[in-house]
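Q: Could you walk me through some local details of this model before I set anything up?

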Amino acid sequence: MRTALVVALLAIPAGIAADLAQTPPMGWNSWNKFNKDIDDKTVREIADTMVANGMRDAGYIYVNIDDTWEGTRDAQGNIQTNEKFPDMKALADYVHSKGLKIGIYSSPGPKTCAGYEGSYQHEEQDAKTWAAWGIDYLKYDWCSASKVYQRSEMPKLYKKMGDALKATGRPIVYSLCQYGLDEVWKWGPSVGGNLWRTTGDISDNWKSMSQIGFDKQVGLEKYAGVGHWNDPDMLEVGNGMMTYEEYRTHMTLWAMLAAPLLAGNDVRNMTEETKAILLNREVIAIDQDKLGQQGYRVAKKGSAEVWMRPLENGDIAVALFNRSSGPARVTANWSDLKLSGKHTVRDLWAHNDRGSFQDSFSAEIPAHGVVLVQVKK
Ligand code: GLA
């Protein structure tokens with residue numbers, strides 16, 4: 001028994017809290033939709049809605065406040081909230097009372113990206129304040145740190161906050177945000193990071209989403225695993241500037257990438273299509289697969305791409321993507337998936353079994369669309 005425990009602990013990279021982010025974090029974040037326009041009342045309403053519409057029960061647990069909550073420091077240097085958030089502890093209590101968790105945002109620099117107070121020279125003090133408020137998740141964004149530090153100091157500075165969070169004794173998921181600089185995926189786990197952004201900011205359009213999701217993650221799969229994940233940024237699903245097919249491609253890619261699923265829309269106000277995308281349990285199950293192995297591209301022919309993600313039960317999630325602006329037939333060859341013989345195929349967007357296939361599976365796919373299947377072992 002004891003040996004098993006020691007072996008299990010040794011398997012966890014140094015610096016990672018053993019029980020946090022065992023699967024990619026799921027929840028909501030204020031930035032993509034609300035930007036600076038976020039306040040206590042809106043966060044409470046978002047939390048209420050996530051309970052009422054089934055998001056919480058589908059796994060969306062973290063309610064994350066991004067930049068612009070920060071006020072000034074008091075005479076003792078304690079960070080205070082601004083007028084939009086009159087009482088962060090009371091808000092955290094409220095979010096917790098709904099069976100959800102709450103996240104917050106800061107920077108190692110003097111100012112955040114939106115120009116609010118950062119944690120510069122107050123790292124331990126801020127970590128203690130957040131823990132006292134009941135915060136469960138921190139996104140720590142480089143921003144103005146570039147003005148006061150050398151780039152080479154980045155790992156040390158991220159570790160400083162990682163250690164400060166750990167020292168609080170409260171389990172706080174630690175999200176590094178420095179846009180993928182200096183191959184953060186190679187050192188993120190050692191500074192205590194549970195996830196790290198791999199790119200600059202996502203925007204609500206096909207070009208931005210598809211470049212981040214398809215192209216910029218290639219080769220990073222070996223750095224993700226249980227407790228520590230690549231983060232291609234928050235979801236734009238439901239924000240209005242992509243088509244239904246494009247948003248399904250977005251959600252599918254993020255699930256294949258074992259990416260954090262942080263809804264970035266106004267969940268109080270969702271179309272049936274948006275709900276169907278965010279709440280598709282079969283797709284969420286791929287994202288949250290316990291093996292924690294990030295998926296990767298196995299074939300690319302023009303605009304047709306096939307990606308695979310090995311699953312804990314021995315099945316394989318296979319995504320057939322059509323990146324072109326017209327419909328196309330895409331084929332997944334068993335040989336590319338290291339499979340042979342006949343295999344049953346289940347369609348995770350249509351929620352039906354497609355039948356049993358020998359050697360390959362093909363589908364007609366609309367422009368910028370996807371077919372996501374689970375190929376049984
Ligand atoms: C940076 C981050 C974004 C967001 C903003 C807030 O741009 O990458 O995700 O947090 O700052 O100012």
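Predicted model: local features only at pLDDT ≥ 70, side-chain atom pairs only at ≥ 80, totals over all residues.

Q: Let's start with H5; which of its residues are buried?
A: In helix H5, which spans residues 88-97, the buried residues are Met-88, Leu-91, Ala-92 and Val-95. Seen down the axis of H5, these buried residues fall within an arc of 100°, so they line one face of the helix.

Q: Why would that spacing put them on one face?
A: An α-helix has 3.6 residues a turn, so residues three or four places apart point the same way.

Q: What goes on at the start of H5, and what comes just after it?
A: At the start of H5, the backbone nitrogen of Lys-89 has a side-chain oxygen of Asp-87 within 3.2 Å. Just after H5, Gly-99 takes a positive phi of about 75°.

Q: Switching topic: where does Arg-248 sit, and is it buried or exposed?
A: Arg-248 belongs to helix H11, residues 244-256, and it counts as buried because its relative accessibility is 14%, which is under the 20% cut-off.

Q: What does Arg-248 touch?
A: If residues up to four places away in sequence are not counted, Arg-248 touches Ile-277, Trp-349 and Val-370.

Q: How many residues of H11 are buried?
A: H11 is mostly covered, with 12 of its 13 residues buried, and among them are Glu-245, Glu-246 and His-250 as well as Leu-253 and Trp-254. From its first C-alpha to its last, H11 reaches 18 Å, close to the 18 Å expected at 1.5 Å a residue.

Q: What does H11 lie across?
A: H11 lies across the strands S12, S13 and S18, and it runs at about 145° to S13. Helix H10 (residues 206-215) lies across S11, S12 and S13, running at about 50° to S12.

Q: What is the strand order in that sheet?
A: Six strands form an open sheet in the order S11-S12-S13-S18-S15-S16, with antiparallel pairing. S11 (296-301) and S16 (352-358) stand at the edges with a single partner strand each, so one side of each is left without a neighbour in the sheet. On average, neighbouring strands of this sheet are turned by 25° against each other, direction ignored.

Q: How many bridges join S13 to S18, and what stands opposite Val-370?
A: Six bridges join S13 (residues 316-322) to S18 (residues 370-375), and the two run antiparallel. Phe-321 stands opposite Val-370 in S18, and Val-370 is also one of the residues that Arg-248 touches.

Note on methods: Residues numbered from 1 in each chain as written. Heavy atoms only, no water. Buried < 20%, exposed > 50% of the residue type's maximum accessible area, 1.4 Å probe, protein only. Helix = DSSP H or I, 4+ residues; strand = E, 2+ residues; numbered from the N terminus. Arc of directions from axis to C-beta. Polar contact = N/O pair within 3.5 Å; in protein donor to acceptor, adjacent residues only side chain to side chain. Contact = heavy atoms within 4.5 Å. Expected span 1.5 Å × (residues − 1). Pairing = 2+ DSSP bridges. Axes fitted to C-alpha atoms, helices over the stretch in contact; angles between N-to-C directions.
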